[in-house]
Structure formats: structure tokens, C-alpha cells
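Q: Could you take a close look at one part of this model for me? I would like a connected account of how that part is built.

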Amino acid sequence: MWIAFRRHRLAVFGLIVVGLLYFIAAFAELLAPFDPDASSARAVNHPPQIVRFIKTTPDGGWTFQPHVYAMAQKRDPITLATTFTSDPSKTVDIEFFGKGAPVRMWGTFEVERRLIAPKKSDERFYLIGADRLGRDMLSRIIYGTRISMSIGLVGVLMSLVLGVFLGGISGYFGGWIDASVQRIVEFKLAMPTIPIWLGLSAALPQDWPPTWRYFAITVILSLIGWTELARVVRGRFLALRTEDFVTAARLDGCSQMRVIFRHMLPSMVSHIIASVSLAIPMMIIAETSLSFLGLGLLPPTISWGVLLKEAQNVRTIAEAPWLFSPGVAVCIAVLALNFLGDGLRDAADPYAQEGR
Amino acid sequence: MSAAPPVIEVKNLVTEFATRHGPFRAVDDVSFTLRRGKTLCLVGESGSGKSVTARSILQIVDPPGDIKSGKVLLHRHNTARGRQSGESVIDLAALNKRSSAIRAVRGRDIAMIFQEPMSSLSPVHTIGDQIGEAIRLHENVSKKEALNRAIELLRKVEIPNADKTIHRYPFEYSGGMRQRAMIAMALACNPGVLIADEPTTALDVTTQAEILTLIRKLQDDNGMSVLFITHDMGVVAEVADEVAVMRYGKLVEQGDTLPIFEEPQHEYTKMLLGSVKQLDRPSTRRLARRASNPPGDVLLSVDALRKEFHIDRGSFFRKTAPLVAVNDVSLQLRSGENLGIVGESGSGKSTLGRAILRVYDTNGGSVNYTGKDGVTRDLVTLDENQLKSARRELRMVFQDPMSSLNPRMTVAQLIGEPMLVNGMLQGRALNDRVAELLQMVGLPASAMERYPHAFSGGQRQRIGIARAIALDPRIIIADEATSALDVSIRTQVLDLLLDLQERLDLSFIFISHDIAVIRYFCDRIAVMYRGRIVEEGPTEEVCNTPKHAYTQALLSAVPHPDPRMRGTRVRTRYREPA
């Protein structure tokens, strides 16, 4: 299967990107240059700064030193609109593995080192700008990766358990069990998804702590997501049930649970992985939309959807288009996961391997 | 005998498949000549490259296969069709795969029919549409005219009520009718050459005999040349004028049919014919064993066993009649005896085997089995848990060793599974037992850690047998256990089963469509037809003097691997009395 998968170039690319995203999610504390919640009155809607690598000295020499030009804030005395202008004479030097403000890594121990940090610890730089409270967008997106990417994973994990179990017994036993599970699935599919999500998440108490809310949202998302998986698993079970090796296992004296989990499930692992990787992006999109509408996760939790909520009005488009950058992150994540899922599905399909 | 003019000359053909481990030569330097009005049989076991050779002629080898070198000369002026035109010789191997030149040859000069007619016919078009299209592709005729020609063709291939059946879909045809329709389609443009790739392998013997006669008749009528690809020496003896034997992509021997059958030169041909001839008579070893050790008491007694399938529930108010797959069948099996159940596809023989083991729930009757403890139980009345002890003593060997061995388990896990789940052995003791079982079926102990796909068909069937004997059973039900194997391996597996019978004191119920195999292996035979047993008795008695009309028809259709017997027997067709 790995060989078939490798032939699918786009899928390999997707795999790399997905791996990178989960790496970012896992090591957000080390990768984000600043505290995502640290605001600054002097950097309200600060535009992105360009990184320059070569620093020239007045006598014509040069050194390798990544830096950005500092920006000066000016306020129009009549309109009171703020504008930022680049000041090439003042620079903010950036260093790799420099020291930043200490944060608790995974809530357990303190770290100071960052992948990129300003040389002087009181200076700040904004590679993709800052929001209306002067918080660094790059750091916020990096922290948002953690919630957004994990909500898909946790949600799919829950739908997987539900889907494999219900799909499994439905496909293996058939008869009235199959009929009733399938009617439940059809009932679920017949319900309009978005109003249900809206209704359920609106029903969550506003004063719940962020972690509860996070968990509740994943449950709501997976309540819908399991139906598709249950169908896929049921279909595979129906096909496998008549295979001779399943009959052989029964005649060997295996219990029904052993037949299902020891003999049948391993032959469909590849199919399940493929449908899981196609289900994760759906979850990510669902979380983003809910949070965007203000019904999913709420600040101070940071997710891409929460960040996008900042970009809800026309003013943003005009004044601070960089606030849309979490949307770019969503696009990249969803596309990468879809490529990966497509590649896995094709590689798992024995019929697709001929003639390629 | 003056040689007929050549129609197709294949010269030093090489076809290779690009694989991850470098090119694989499926056809290696093959040369032969097909002459006008003659039948050349290309014989070989699976993987010998005979199908690829045939496909190379028409340049329809599946990618990544490609013709590397050699020539395929079509002498168009020598075919029955192109006789009027002037001399024209085309090298088909030099034409582009997608060129219109090769497309003009396909279907018009050279037509091809395949093994599985269902997958070669489009399921969403009527037979008439499909034959009509084949005509219109090569000839400029109106739709109506094409349809009339199609009806005429169907009549030619002896399909009854051709003007009505032409409007039916392939799924409404039986297997034999589908293959007739395929032949009709192949004949649509009156080709000079017909390539038949295992055209009768998927069919029952009686249907096979009819199709063979039909091809022969059409060939005589049209002066067509036939390249007939088969693995079955009986069929070769029946139809071939010339024979070419292939092995590992190479042509090992070719010549006229009689000399090949009577004085084969090459070792491989000798071996192939030897194993075929050996199969058509009782095993001497079995006869010797029975003389010293006659069958004992009745072990298993099946009484009026019945199994119905409800195909669909019919309409809401009305129930459709169920399909009766096993219709009140009664059998007895004695200890140390081999009982053969023979029948054509759909006769219910496989269902019977599975119903005895209660893979299916039954609809009446009883299966009384006397266990090792001397207690007789009716398996029909036991529940799944109570069945466990009986299923330890009654085991099954399946037809297709590929699908009956879980591809994700190692050989050690596969063979160990029944002992593990029955709580008999674990850990080291289990490992030692698996090694012992592997040795009994003639496989090395090193096979334990490998997966089933790493083995050949014959070796896989040995693994299946090892799994069956793991629980020290008394009865083994073998469902077409040798049908998926090549002839030369078939005898080896049958001999292994006989050997195990002597060592472990086994009894067999051997289900097969192949009379030769049954004759070699079984003491008694039961002939099944449409869910019923129509005749039962000692094998030799039934085979030599069949009493029931169906048995007579069945035996008359079996091709004999002796070209001298060709046309000496009168073939009868059994029609069920209304």
C-alpha cells in the first residue's frame, strides 16, 4: 500500500504538510515568537513586516543578520486614523533560538528559548501583522493550530469509535440489527447539519470553562460525523462476511467478537484510515464555521475560527486584510488533508492499482 | 498431408512486463504458425504466458506489458475472407497499439473470445445492440440491417428463438448462452481467425462440450483458423489439429496432436500428460488401502436435509417461491471412506457441504454425527456453542486457498488459530505443533513467519489442509479443494490427502465438478442435480455404467485426454422430465 501511495505525488505532499501542521500544533510554545495574548497599545492593527537578512553597515560592509524595519505609528490629527510607516534607520534584530518571555510548555515546565525571537527582549516584530489589540497574529495562528487541528482529530476519533462499532455490528449480524442501525443513520443524515450544530452549541452554557466547551464542541461535531464512517464500515463488513476466510474462522471455533475484531477488522484498516483522513477536514471546517459565528469556541480560547471572527466586518478588509490569514491556514490544512485522504483511498483500493 | 497455407506466423515474439524488479518476460522467444482452417491449441499451466501470447497478437496486452521484439505476420490473402484480394502481409507487432490499422484488423480479420463472458459483455446494453455495434463498427450498414444480421448470427450459434432473445440483456442469459452470444459477436464480421482464450473454462462440462462442437462446426463452415488457448488436456484432445506447449513463457514443444499425445518429447509435456492420465482412473494406493482396511461404521448420516434461499421477498403482499438449493438430500459416510459429490455449478453441492457444517441454518432434515466419545448428536438442533465440539472433528478445506486464508495473518497464526481459540495449546507448544503440521503437509518450518501471498497456489492449499487437520479431526469436507490448482499439482494434493487419511484415520466428503478427480480419490460417488441426489453408488460402477439419464449426459460430455477417442462417443443432453 505504501508503494501505491507514494506514486500519488499530491498525497505525499499532503502528508508532509499535514505532518508539519501537527508538528506546529505540538510545539506551539517553542515556535510562536510571543505570547499570543500579550497586547500592545502601540501596535493596534500593526501591518506585516518584511524580514530582511543582510544588514549593511555605513562603511559599505555587510553582515548576515535577519531583521525587520521598525514601524512608527502616526495619527492623522483630523481623521484620527492611524498609519504605520517603515523606518529603515531603526531595525529590530531577530535571532534563532533566542530568549523570550518564559511560558509553560504543555502546562508542565517553563521554557524561554524560541525558534525565532527578538534580540532585545523588550522589542517586538509582527511578521503577519497584529490584530486590533496589538497581539501578534503569527503567534496566535500558531497557537490556533493546536486547537483547530486537534479538534478534528479528537472529533474523528469519537466518530470512529461510534462508527466502527455500530457499522461493524450492523454489517456482521445483518437482519433487524442492521435495519435499525441503518434507519438511525438515515435519520441522522436527514437532519439538516448546520441548524443542529447551531442549536446544540447555542445551548451550551456561556460560563463553562474553555476546556469543557472544547470537549462539548467535539462531541457535537462527531455526533454527525459518525454516520458516514458507519456506512463505510458496514459496506466492508457486508463484502467480507461472505469471504471464505471468515467462514473458516467461524469453523475454527472463533467467537463472534474474535471473528469481527481479529479476522475482519484488520482487512479494512486501510479503508478506515482513508475515510478518517477525509473526515478530519470536515471537522476542521465545521469548527471554524461555528467559532466564526460565535457559537463554537469562545475567546480566550484561540482557534482559527475564533481568529477569523475578528475579520467579520468590512473595515477589516479595508484596513487590516492580514486578519484573514487564519483563513489561509484553514485552506492549507483542509487541502492537505484531502489530498492525503484521496491518496490513501486510492492506495487502499485494490482495483485502482491496475493500469497505473 | 499437404500443409494448409499459413494465416498467422508468430516469429520470435517477446513480450515483457515492466515491474519494480526489472522487466519480466511473459512471452520469451515464441514462434508458431497458424494455418488456414486448422485449430492450434496453446497449452500450458497458469502463468505460462499463453494468454499474453494471444493478446500480443492483437496488441491488447494490459499495461505495463509491451511487445519488445519479434514479428506477428498476418497473411491476409490466405484467410477465408481475404482470399479474393491480392497478396498482403501485415506485421501486427509493428503497428501502433492505438492506430486505426490495428483496429481494422481486430474484429474483422482476427476476432477474440474470452474466458468470462459475463465480464466481456456490457451489462447495460441488449445482446442485439452489442452484436449490431460490432457489425456497424467495421461495415457501413444501417441499424436495421445490422439487427437482422445479428439475429441470423444468433441462429447460427444455436440460440433458440433468436428474434426474441436478441432483445434481452446479458444477465438474462445463462453462462452457455452468453458464451454463444460472445461467439456470435466475434463472428459478426466473418473473421479469418478466431482466438479463443479459455472459452469454456468457466462453463460446466455439458455446456463446454456443446460450445466446442459449435466452434468446430462454425470453423468447418467458414474455413476459419482457430487459436485455442486452454489448460485442459481433455479439451486439447477434443479440438486440436496442432498443439503448442508453453511453460514459463517459452514454447517447449509443438507438433501435430497425435504425436504429441502419444510420443511426447519434452519432459514437461510428458509430466503434464502423465498427471492427466493418472487422474482419470482410481488411485492404486487408495484401492490397496481399502483392500486391507475396509470402511468401518457410519460416522455421519444426513437425512432429508433441506436448505432454501429466499432471494427476494417478492412484493409486499405476495411471497415468491424460495430457491431450494438442497432438496431433501440423504447421505451416509463411513469411517475411512471417501465420498464424492459431483455436480455442475448451481447444483447445490457446495451448499450441501456447508449446510452439513451448519455454516447455514437449515430448513429441515437432520445431520447425525457420531463423535469420538461415541455419542450421536443431530448437528441441526445444536446451537453455535454446542457446535464447537463437533466442528473440531468435522473440518473444511475450501476451494480458493487465496480467499480462505486471511491475507493479514502469518502461516503460523493461520494454522495455530483453531488450536488457540479452542484453548488446546499456547506459546511454545503451539509453535512446535504448527511446525509438525507444516512438515506433515510437506512444507518447511521456515514457512511459519510468512504471509499466504508469498506461496504458490498448491502451497497455499497445503496450508489450508494443515489448518483443517490441526484439531485432529475425523471428517474433512473438501469443497472443490483442487479446482483452483494446475493439473500437475492436483495429483500431488490428492496424494497428500490420501497420505493423511492413512496416517490420521480420516474420512472425506469431496465436492467437485471434476469427474476425473473424483474417480481418482473417491470410493463412492453421489451425483447432484438441481439440489437432489440423482444417483449414488461405488465410483467405478457409476462411472462405467451410469443408470440415471443425467449421469449419462454428464459423463458423455467429459472430454478425454486421448485424441483417438475424438468423436467416438455419442453426446446426450439431459432434459428434466416436466
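Predicted model: local features only at pLDDT ≥ 70, side-chain atom pairs only at ≥ 80, totals over all residues.

Q: What percentage of the 578 residues in chain B do buried residues make up?

A: Happy to walk you through chain B. Residues are numbered from 1 along each chain as its sequence is written, while chains are lettered from A and ligands numbered from 1 in the order in which they are written.

Buried residues account for 44% of the 578 residues in chain B; a residue is buried if 20 or more other C-beta atoms, placed from the backbone, lie within 10 Å of its own. Chain B holds 22 helices and 20 strands, taken as DSSP runs (H or I, at least four residues, for helices; E, at least two, for strands) and numbered from the N terminus. Its radius of gyration, 26 Å, is close to the 25 Å that the globule rule gives for 578 residues, so chain B is as compact as a globular protein of that length. That radius is taken over C-alpha atoms, and the rule is 2.2 Å times the number of residues to the power 0.38. Along the principal axes, the C-alpha trace of chain B spans about 85 × 60 × 45 Å.

Contacts complete the picture. Two residues are in contact if their C-beta atoms, placed from the backbone, lie within 7 Å. Of the contacts in chain B between residues at least 6 apart in sequence, 68% join residues at least 24 apart.

Key: Buried ≥ 20, exposed ≤ 12 C-beta atoms within 10 Å, placed from the backbone.
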